[in-house]
Amino acid sequence: MGAPTYWDYLHLPELLNCQGGLDDAPSPDELHFIIVHQTYELWFKLVLTQLRLARDHLAVPHVPEERVPFVVHHLGRVNAILRLCVDQFAVMETLPPQDFLDFRDKLMPSSGFQSFQLRELEILLGLTPERRIKYAGTDPIEHIRSQTHSPSGKAVAARLDATMRESSLRDAVVNWLSRTPIMGSSPGDPGDAEVVDRFLADYFARVEQHQRDGGEQLVTVLNGADEDKIRARVGMAIEGVRGFLLPESAADRRARAALVFIESYRHLPLLAWPRLLLDTVVELEEQMLLFRHRHARMAERTIGRRVGSGGSSGVEYLDQTLAYRIFPELWSVRTCLLPRDRLPPLSGEEKYRFAGG
Ligand code: HEM
């Protein structure tokens, strides 16, 4: 082959020949509908690649410090794409509801519900089968597997099966977190469990005091109005913090201690990148939720409260998926943090300096 052209390098003739829909003569509105969907699926493809790269950097028994920025880099790219995906629904919304009705019957019962790449994305992030929302008793993955009449049905099902055998970003993040030194102590060090438990107990006592002080300050400022309600609310908040900081399982205690530790002492050189990594994961989850929310509002604006083309309750189903949280601990930790002047005194500080620093 001679010098490559732009169109050969990008396979443009093939790419631009895939918008025929079902009958090779889509109306301009249907072409719009197809191109917007295809664009999303291309972005999903890139998101999946970046997620796997991020996961692979983290899913090793020891993550060298210099690898953490790579994880942040790949997840940062995912976030930039998802932000774009959220905004891109504005393009879809230029399709007036009545114009969609002109060709909607033709595509039924196909639906974004069958986006196997979105399912892969959910699986790779760490959404477990028990937590996935079913509609009318149908599990979305089983639904895709049942499409055996489709020429590519088998290959699609095989892709999903293969993805389900992979480890998730959630598992990689939690395992990596659990190995964070707490007050200088690492898993396997003598007395590590006691150091972790002492740190959590001390942190909890301080949060309890901080929240009670905040409640009393509010009571004073409000001249005693609603003081019983305020104290009851503070009491409930403290119980929530107790549940988070003092869970039953030792594995949970170590991971949560790590979260609190990283957020609290992020000025330590070796905690700066881990803290950025966690923030990037929170942003990823936030962007996924915004994506779901924006899609649901776009759908509501276009089809109202109709049954979805895939047969679900439509917008009602989409709104239920807003409850998905794959990294709930990364959100909960924010409720439990202390201001700097109330933090437990640090020990083992030298462990968190740069090598040679
Ligand atoms: C006129 C435009 C659109 C409407 C009215 C619409 C409506 C819906 C509805 C009602 C569902 C629920 C399942 C069902 O069909 O019963 C759904 C699912 C879905 N749609 Fe759309 N959609 C539109 C455009 C898009 C676009 C542009 C994307 C691009 C990615 C998309 C991606 C998805 C995905 C991934 C799901 C599955 C969501 C989940 O199960 O969590 N949709 N859509």
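Student: Leaving aside its neighbours within four places in sequence, which residues is F199 in contact with?
Tutor: Bearing in mind that this is a predicted model, F199 is in contact with I182, M183, A257 and P344, once its neighbours within four places in sequence are left aside.

Student: And M183, buried or exposed?
Tutor: M183, which is found in the loop between α9 and α10, is buried, because 20 other C-beta atoms lie within 10 Å and the cut-off for a buried residue is 20 or more.

Student: What is M183 in contact with, neighbours within four places in sequence aside?
Tutor: With those neighbours set aside, the contacts of M183 are V195, F199, S347 and G348. The C-alpha atoms of M183 and Y352 are also separated by 9.6 Å, although these two residues are 169 residues apart along the chain.

Student: Which members of the largest nonpolar core touch the most other members?
Tutor: That core has 45 residues, and the ones touching the most other members are V173, I182, F199, A257, A258 and L259. At least two residues of this core come from each of α3, α4, α6, α9, α10, α11, α12 and α13, and α12 gives the most, with seven residues.

Student: What about a second core, who is in that?
Tutor: The second core is separate and has five residues, including A296, A299, Y317 and L318.

Student: Switching to α13, which of its residues are buried?
Tutor: The buried residues of α13 are P274, L277, L278, V281, L284, M288, A296 and A299, and what covers them includes α4, α9, α12, α14 and α15. As for its length, α13 has 35 residues and reaches 52 Å from its first C-alpha to its last, close to the 51 Å expected at 1.5 Å a residue. After α13 comes G304, whose phi is positive, near 60°.

Student: Now the ligand: which residues come nearest?
Tutor: Of the 25 residues around the ligand, those that come nearest are S111, G112, G308, G310 and S312. The elements giving two or more residues to this shell are α3, α13 and α14, with α13 giving the most, four residues.

Student: How does that shell divide into nonpolar, polar and charged?
Tutor: The shell around the ligand divides into twelve nonpolar residues, 13 polar ones and no charged ones.

Student: Last one, how many helices and strands does the chain have?
Tutor: The chain has 15 helices and zero strands, and its C-alpha atoms fill a box of roughly 70 × 60 × 35 Å along the principal axes. Buried residues make up 21% of its 357 residues, and, of the contacts with a separation of 6 or more, 76% are between residues 24 or more positions apart.

Terms used: Residues numbered from 1 in each chain as written. Predicted model: local features only at pLDDT ≥ 70, side-chain atom pairs only at ≥ 80, totals over all residues. Core = buried A, V, L, I, M, F, W, Y, C linked by C-beta atoms within 7 Å. Buried ≥ 20, exposed ≤ 12 C-beta atoms within 10 Å, placed from the backbone. Contact = placed C-beta atoms within 7 Å. Near = placed C-beta within 6 Å. Nonpolar A, V, L, I, M, F, W, Y, C, P; charged D, E, K, R; others polar. Expected span 1.5 Å × (residues − 1).
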